[in-house]
Amino acid sequence: MSAKPPVYVLSDSVGETAELVIKAGLSQFNGECDIQRVPYVEDKTTIDEALQQVVETNGMLGFTLVDPELRHYTNEQADKLNIEAIDIMGPMMGAMEKYFKLEPRLEPGLVHKLDEDYFKRVEAIEFAVKYDDGRDPRGIARADIILIGVSRTSKTPLSQYLALKRLKVANVPIVPEVEPPEELYLVDPSKCIGLKISSVKLNDIRKERLKALGLGDQASYANIERIEQELTYFNKVIDKIGCEVIDVSNKAVEETANIIMHMATMK
């Protein structure tokens, strides 16, 4: 037996929640315990085996079991064996069920699933930053979606918005003087989306951008002939790829993102 008092954690998931609660309680007593997890509990036999270990080591028990039958069985058997047992989830779920007047989902590991969802979102955001504006063409092969467009077609904000939906997005700027990366022509065209915009709308957007930067609006960046040249080249690239195109001329980022997400679910 360990020199430290043993505390056993039973869980129908990984047991992380129960362990954190027990550690929080221990911190109030300046005590240290040997915490032993018994994860993925699905039957009474596993519970019996764990309870026997608790008895043999003179330990105590903390458990998070969402299945009412297994929870009741654990409480009942622990009482018979005179084990100090803490039902961490039961009282909380009972109170919430009464308050919300709803039946619990009784699905193990939902907290852990939420954590996974969070980390997937963070990963997608980091991906969007790393592969923004064609910085590294290697991201094209790894992306869920590749946005293609000339400057000021909302590629970056769209990438970030879609990343919040856990989609890994790379975006590639189209400039007549620069050949698009070869990877763009090798990837599955269904992952590519061209962002089309009218020359008049793009001209207005770029003029406002130059004003915001304290620059005159006579630069070639906002020149209508230059814009027409860029859009013609954009059309050639898109035709070569053979991908879907969305006209973003009069669309908000959220509206375009919803169209893209719908297209992604249809694949």
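1. Three helices, H7 (155-163), H9 (199-212) and H11 (253-265), each supply at least two residues of the lining of the second largest pocket. Helices here are DSSP runs of H or I with at least four residues, strands are runs of E with at least two, and both are numbered from the N terminus. H7 gives the most to this lining, with four residues.

2. Before going on, a word on the model: it is predicted, so local features need pLDDT of at least 70 and side-chain atom pairs count only at pLDDT 80 or more, while totals for chains, interfaces and linings use all residues. Residues are numbered from 1 along each chain as its sequence is written, and side-chain values use heavy atoms, with hydrogens and water left out.

3. The second largest pocket holds about 270 Å³ of space. Among its 19 lining residues, Arg152, Thr153, Ser154, Lys155 and Pro157 are the closest to its centre. Its lining has seven nonpolar, six polar and six charged residues. (On a 1 Å grid over the protein atoms alone, a pocket is an open set of points with protein on both sides within 12 Å along at least five of seven lines; a cavity is a set where a 1.4 Å probe fits but cannot get out; lining residues have an atom within 4 Å of a point. Points are joined across faces, edges and corners, and a volume is the space filled by probe spheres set on them. Ala, Val, Leu, Ile, Met, Phe, Trp, Tyr, Cys and Pro count as nonpolar, Asp, Glu, Lys and Arg as charged, and the others, Gly among them, as polar.)

4. You will find one cavity of 30 Å³ or more in the whole structure. Its lining consists of Tyr131, Gly134, Asp136, Pro137, Ile140, Ala170, Asn171 and Val172. Strand E6 (residues 169-173) provides the largest share, three residues.

5. Asp136 also pairs with Arg138 in a salt bridge, the closest N and O atoms being 2.7 Å apart. (A salt bridge is a side-chain nitrogen of Lys or Arg within 4 Å of a carboxyl oxygen of Asp or Glu.) Arg138 is exposed at 61% relative accessibility, whereas Asp136 is buried at 16%. (Buried means under 20% relative accessible area, exposed over 50%, and partly exposed in between, with a 1.4 Å probe and protein chains only.)

6. Eleven salt bridges are present in the structure. One of them links Glu19 and Lys23, with the closest N and O atoms 3.0 Å apart. These two residues are separated by about one helical turn because they are four residues apart in helix H1 (residues 16-26).
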